[in-house]
Amino acid sequence: MLDHLDLLLSQAARNIEAAASTDALREAEVHYLGRKGELTQALRGLGSLSAEERPLVGKRANEVRAEMEALLAARKEALSAREEETRRCRNALDVTLPGKRLRHGRRHPLTRALDEIKRIFTGLGFEVVQGPEIETDYYGFQALNYPPDHPAADEAMSFFLKDGVLLRSQTSTVQVRTMEKREPPVRIIAPGRCYRYEAVDATHSHSFTQVEGLFVDEGVSMADLKGTLTLFAREMFGPGVQVRFRPDYFPFVEPGAEIAASCAICKGAGCRVCKMSGWLELGGAGMVHPNVLRNVGYDPEKYTGYAFGMGIERMPMIRYGIEDMRLFTENDIRFLEQF
Ligand code: PHE
């Protein structure tokens, strides 16, 4: 009986060593240690042994079981490590798998336009400043010389968060905030988001981006404004571009102007982008109203300044022929990939 146990152990040791996979190893385990396995079978004969022999054989059987288990465990560890390794290698080296296309991130067309605007104006000595998107009545209207009953201050045009607090509808609010904190000369641009109570379509949105410009110093004139914006438009849209100023009204400037550039696409001849007019409207501008200067404590007898505000979405729309501004915010990779 003891000899038989030793034989079983040496057979099992050989089989375990020879098992080439964890599946084969499991088979060996069942074969020797399973409920109907060799060891269990052998122990069936225990009952027929003498009282002196029985404890000896029982003890040896337990040792044999323990050894088999140890051998199984060791082999199992080695095999699973190897199988894991093969799996990893196979994954890493399977050149027959279809490749995964790498999607490269790109700068958003609006970010590109903003970067370009900042580059041009900082080159002209302007500093880039920021202002809050949530504004008070005061900065939104009063300080900008709006009369108390102006329609822009109406709920039908602006998003009010609560009485006297609203989302800014233009970056002109940053003019006041900046001048309050500084003494002239002030030469800044303030790009940022604006919000208006508008229905969304291809060319309108409830949120959009503007860039505000402001230059206040002694002796600043309308000619400086025209020169600066003409230079900007030529850098932005091409050297042949013409800039047009037409009278317009904004409460915070006097005189006020509407700025347009000759259509960079048809060179002024008329096309779909400029709606056959030959001109693309860029925004508004003018000489800072004396009341606005007074509101921030500047002496309008000593200082003058110009201000302008332009919509940014139009610029990449013109440059890339984008016909629907909703594309800017839909986050569709097929659109964004093109820039
Ligand atoms: N804030 C004006 C608008 O949103 C544009 C503007 C800015 C006009 C500065 C004059 C001076 O239409």
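Q: What makes two strands count as paired?
A: Two strands pair if DSSP finds at least two bridges between them. This model is predicted, and its strands β7 and β8 are joined by six bridges. Six meets the cut-off of at least two, so β7 and β8 count as a pair. They run antiparallel. A hairpin of four residues links β7 to β8.

Q: How do you know that β8 and β9 pair?
A: Eight bridges join strand β8, residues 253–262, to β9. The cut-off is at least two bridges, so β8 and β9 pair. The two run antiparallel. Within this pair, E258 stands opposite G284 in β9.

Q: What is the order of strands in the open sheet of seven strands?
A: The order is β1-β5-β6-β10-β9-β8-β7, and the pairing is mixed.

Q: Why are β1 and β7 said to stand at the edges?
A: β1 (127–128) and β7 (243–248) each have a single partner strand, so one side of each has no neighbour in the sheet.

Q: What makes β6 mostly covered?
A: Of the 11 residues in β6, 10 are buried. Buried means under 20% relative accessible area.

Q: Why is E135 called buried?
A: The relative accessible area of E135 is 1%. Buried means under 20%, so E135 is buried. E135 sits in strand β2, residues 134–136.

Q: What makes the link between E135 and R177 a polar contact?
A: The side chains of E135 and R177 are joined at 2.6 Å. The cut-off for a pair of N or O atoms is 3.5 Å, so 2.6 Å is within it.

Q: Which residues does E135 touch, leaving out those up to four places away in sequence?
A: E135 touches G164, V165, L166, R168, T173 and R177. Contact here means heavy atoms within 4.5 Å.

Q: Which residues come nearest to the ligand?
A: Q170, S172, R196, Q210 and G309 come nearest, of the 14 residues around the ligand. To be near, a residue needs a heavy atom within 4 Å.

Q: What are the distances from the ligand to Q170, S172 and R196?
A: The side chain of Q170 has an N or O atom 2.7 Å from a nitrogen atom of the ligand. For S172, a side-chain N or O atom is 2.9 Å from a ligand nitrogen. R196 has a polar side-chain atom 3.0 Å from a ligand oxygen. The protein covers 91% of the 320 Å² of accessible area that the ligand has on its own.

Q: Which strands supply at least two residues each of the shell around the ligand?
A: β6 (207–217), β9 (279–288) and β10 (304–311) do. β10 gives the largest share, three residues.

Q: Why is K267 called exposed?
A: K267 has 70% relative accessibility. Exposed means over 50%, so K267 is exposed. K267 is in the loop between β8 and β9. Its phi is positive, about 55 degrees, although K267 is not a glycine.

Q: What makes N331 exposed?
A: N331 has 61% relative accessibility. The cut-off is over 50%, so N331 counts as exposed. N331 lies in the loop between α11 (327–330) and α12 (333–336). Phi of N331 is near 65 degrees, a positive value in a residue other than glycine. Most residues other than glycine have a negative phi.

How values were computed. Residues are numbered from 1 along each chain as its sequence is written. This is a predicted model: local features need pLDDT of at least 70, side-chain atom pairs count only at pLDDT 80 or more; totals for chains, interfaces and linings use all residues. Side-chain values use heavy atoms; hydrogens and water are left out. Buried means under 20% relative accessible area, exposed over 50%, partly exposed in between (1.4 Å probe, protein chains only). A polar contact is a pair of N or O atoms within 3.5 Å; within protein, one must be able to donate a hydrogen and the other to accept it, and residues adjacent in sequence count only if both atoms are side-chain atoms. Accessible areas come from the Shrake-Rupley method with a 1.4 Å probe; for residues, only the protein chains shown count as cover.
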